[in-house]
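Here are some notes for your reading of this model. Please go through them with the sequence and the structure open.

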Amino acid sequence: MQTWNVLNTGINSSAWNMALDEALLYGFKEHNLPILRIYGWEKALSFGRFSELAKILDMDKIEHNSISCVRRTTGGGVLVHGNDISYSLIMPRRLLEGRSVKETYHYLSGFLIRFYEKLSLKAEFASDLNLDIQSSDICLAANEPYDIVINGKKMGGNAQRYIKHTLLQHGSIPISFDKKYFEPLFLKDSGLGRACSLQELEVTLAYKDLVSLLMEAFCETFNTTLIPKGLELSQEQYAQELLKHKYTHKRWNIYGK
């Protein structure tokens, strides 16, 4: 049986969430226990590190309405947040030896399939359904092989970042979408009309109960024991530095520099 640390860091700003993910990734040492982080977001947009925002979003509206935006350290397209549960996995790459990137997504996302099963929902990978695979710079408008689909609709999104010895995978489980808030910000199809949320699937459990179920699914899927842990001082200080010098600045969030 494996042992992981679990960090439940609560609902925070987009900038802090991504600063902390990067701090956990780059501060991870090979001998450390793998980390499952669970967290929520204040209302925001996040987007992949290579996204060209001017082609996707109405930047004038975003600036005028002071919409919170953050560029992730991972790839992928634009994703909406505000009533969702996010997770991050930070782990040594040696635990995934022999698996391709696609196989790694399938393996690590298995606990999400189990989580949906516990909610009496039939979740499957897009590749197993022989769906048309299509990329997009908008997360919910894409269909990647490792995307999770329920009732023919995409459920959230997941993205990865590899560094020398460590892997970060993070993703989002939408509880509901505020379509009136987010739809006008997109210059093209947001994908929200073809995406799924727990609310639309008539799941009414409270946030804390969903989090408990997610951790339960994780333990069952990977035969793992989770040890609750708070942030170490070094992790918090690293995240604060990234927050101050990177994730609260337009040069990174808007221009990716």
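1. Helices (H or I, at least four residues) and strands (E, at least two) are DSSP runs, numbered from the N terminus. The model is predicted, so to speak of local features takes pLDDT of at least 70, and side-chain atom pairs count only at pLDDT 80 or more, while totals for chains, interfaces and linings use all residues. Residues are numbered from 1 along each chain as its sequence is written, and side-chain values use heavy atoms, leaving out hydrogens and water.

2. An open sheet of six strands has the order E10-E11-E6-E2-E1-E13, with mixed pairing; strands pair if DSSP finds at least two bridges between them. E10 (157-162) and E13 (224-228) are the edge strands, each with a single partner, so one side of each has no neighbour in the sheet. From one strand to the next the twist averages 20 degrees; angles run from 0 to 180 degrees between N-to-C directions, and axes are lines fitted to C-alpha atoms, for helices over the stretch in contact.

3. Strands E2 (residues 35-41) and E6 (residues 84-92) run antiparallel and are joined by five bridges. Ile38 has Tyr87 in E6 as its bridge partner.

4. Helix H1 (residues 14-26) lies across E1 (2-12), E2, E6, E10 and E11 (166-174), at about 170 degrees to E2.

5. H1 packs against helix H7 (residues 233-247) at about 125 degrees, the axes being 8 Å apart. The contact (heavy atoms within 4.5 Å) includes Trp16 and Leu20 of H1 and Tyr238 and Leu242 of H7.
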